[in-house]
Amino acid sequence: MGGFQKAGFFHRLGQAGYVGYTEALQYLFLLTEVLFYTVWPRSRRGTQIPGALGIQLFNLGYKAAPIVVLLSFLIGLTLALQSVMQLQKFGASSFLAAGIGISMVSEIGPVLTAVIIAGRSGSAITAEIASMAINEEIKALKVMGLKPLPLLLLPRFWALSVMGPVLTLLAVITGISAGFFVSTWVAQLSPMLFGRELALALTPMLILQSLFKSIIFSWIIVLVAIRRGFLAQGGALEVGKQTTACVVYSICGIIAADAFLSFFFY
Amino acid sequence: MLFFLSFFIKEKTPQLEKPERAVLIQPQPVYTNQTKTQAPILACRKVKAGYNNVSLLSNINFDVSSGEIHGLLGGSGSGKSTLLNHILGLYPLMGGEITLLNSKITPESSYPEELRKKMGVLFQSGALLSSLTVAENIALPLIVPQPDLDKNELAQKIEEVLNRVKLNSASHKFPSELSGGMKKRAALARALITNPSILFCDEPSAGLDPSTSRHLDELFLELRDQGKTLVVVTHELASIKAICNSVTFLNAGGVIASGPLAEVEEHTHPALQSFFRRTHSYIN
């Protein structure tokens with residue numbers, strides 16, 4: 001009697017590779033959709049709800065600001081305290097400003113902000129769209145002659161493309177402020193020295209790289225969130241499943257992109 | 001071993017006598033004072049429908065005349081909503097041909113997008129966008145394709161359809177603040193804002209109390225009297241008898257009967273008998 005044979009390692013590896021390849025194509029498709037509808041205005045008919053961009057800027061940016069500020073301040077504070085303890089052993093406390101500044105601008109600012117956005121806004125986008133899919137709202141948009149994909153994707157994509165760098169900048173400023181607080185109150189360094197060291201360490205190119213990273217991370221988050229939302233079908237269980245997948249895939253994508261970009265900018 | 005066992009079981013299980021299938025009773029022009037156009041507003045010919053290359057319905061034939069309420073009937077899982085999804089172009093046809101408002105839909109052709117402006121759809125759940133108010137939901141089919149539409153004209157149109165469904169007080173409420181019946185009426189208002197020629201309703205009475213359901217039926221009858229054609233997917237017997245002029249009954253992947261309600265009700269097929277007389281379920 002024949003039975004099902006368990007797939008071998010290479011078979012499963014091949015399957016995983018194929019799934020990864022098709023997924024990558026889907027994200028590329030979403031990106032081309034955005035570019036198409038943005039670049040060619042005539043195609044936008046039936047794809048825009050008036051005021052949708054403003055609502056998304058408010059929801060994805062303004063509402064996320066408090067949590068970004070709080071977490072980046074705490075991370076900056078911890079980082080500065082840990083650094084100052086080690087630097088004081090070598091009498092090198094004056095390097096604190098450069099250390100905090102460079103790490104906040106080049107790594108912690110963009111990555112931390114992206115992880116917060118993925119957890120807060122990415123999951124919210126997926127949950128919203130997945131709920132729309134299971135409640136027949138997407139079908140309703142289609143039968144009204146509207147285009148659900150660009151209608152839902154475009155405002156979120158551009159809102160996060162703007163608010164990602166803004167929030168990153170906010171996180172960087174807050175994190176450096178926490179470092180400044182530690183350097184003046186704990187390490188007893190002069191504020192002037194902190195400012196001078198910081199200005200020497202932060203080059204315009206470093207800040208531009210940071211903002212570029214934050215745009216790429218924002219795109220990863222919004223594309224994963226939208227794709228996962230549209231994949232939902234069935235019942236409420238699917239909303240949770242796709243939301244979890246969105247956060248996991250987004251964070252993995254952010255870390256992988258960060259590693260790639262670090263090599264690129266090296 | 002299991003294969004032989006299943007064969008044995010199949011052989012020994014007494015089979016219900018299979019009645020004749022796909023009896024097409026020619027729909028008659030019916031019931032309103034209006035003069036009927038001869039060509040049906042919706043015609044399905046040898047339609048084959050399903051999902052992911054799995055056929056669920058085959059050889060579906062029926063006509064819907066202009067100005068009538070046509071019921072798509074059948075038990076749960078009989079394929080009513082599947083057929084509706086294919087008529088609405090949400091899934092591609094697997095075979096056959098649908099003629100809707102003189103436009104042909106075939107597996108080879110893409111769905112004629114201009115049809116969407118001439119039809120309205122009321123989904124089972126209402127399918128109102130939860131992030132928008134009732135008025136914004138109703139405005140959606142007009143404002144998205146025509147962003148420069150005059151605001152006063154739009155407000156007037158919204159007020160008109162809200163009057164029609166008797167929901168004026170709820171225009172600024174969000175869907176989460178509405179009862180089931182109000183959601184259905186708001187969704188009906190959204191379907192009517194483009195003044196469609198044909199309205200499709202998927203299980204409009206589902207989840208509603210009898211009085212609200214009755215109120216919705218009255219709205220459908222009003223719309224029919226105003227010259228609209230309605231295709232209603234339902235299995236609510238009271239509603240069918242109250243509003244339908246003609247019906248198509250689906251069972252086991254095909255049409256059992258189609259035609260005027262009175263004639264289909266008298267059909268001898270056991271599935272129809274069990275449906276209309278609410279007797280023991282017919283298992284095919």
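**Cavities and the A–B interface**

Biologist: What makes the lining of the second largest cavity divide into nonpolar, polar and charged residues?

Modeller: The lining of the second largest cavity has three nonpolar, one polar and two charged residues. Ala, Val, Leu, Ile, Met, Phe, Trp, Tyr, Cys and Pro count as nonpolar, Asp, Glu, Lys and Arg as charged, and the others, Gly among them, as polar. The lining consists of Arg164(B), Leu192(B), Leu219(B), Glu222(B), Leu223(B) and Gln226(B). This is a predicted model, where local features need pLDDT of at least 70, side-chain atom pairs count only at pLDDT 80 or more, and totals for chains, interfaces and linings use all residues. Residues are numbered from 1 along each chain as its sequence is written, chains are lettered from A in the order written, and side-chain values use heavy atoms, without hydrogens and water.

Biologist: Why is this called a cavity?

Modeller: On a 1 Å grid over the protein atoms alone, a cavity is a set of points where a 1.4 Å probe fits but cannot get out, and lining residues have an atom within 4 Å of a point. The search finds two cavities of 30 Å³ or more. The largest cavity holds about 40 Å³, and its lining has five nonpolar, five polar and no charged residues.

Biologist: How many salt bridges are there between chain A and chain B?

Modeller: The count is zero; a salt bridge is a side-chain nitrogen of Lys or Arg within 4 Å of a carboxyl oxygen of Asp or Glu. Yet the side of chain A that touches chain B includes six charged residues, besides 10 nonpolar and five polar.

How values were computed: 1 Å grid on protein atoms, 1.4 Å probe; cavity = no way out; pocket = protein on both sides within 12 Å on 5 of 7 lines; lining within 4 Å. Points joined across faces, edges and corners; volume = space filled by probe spheres on them.
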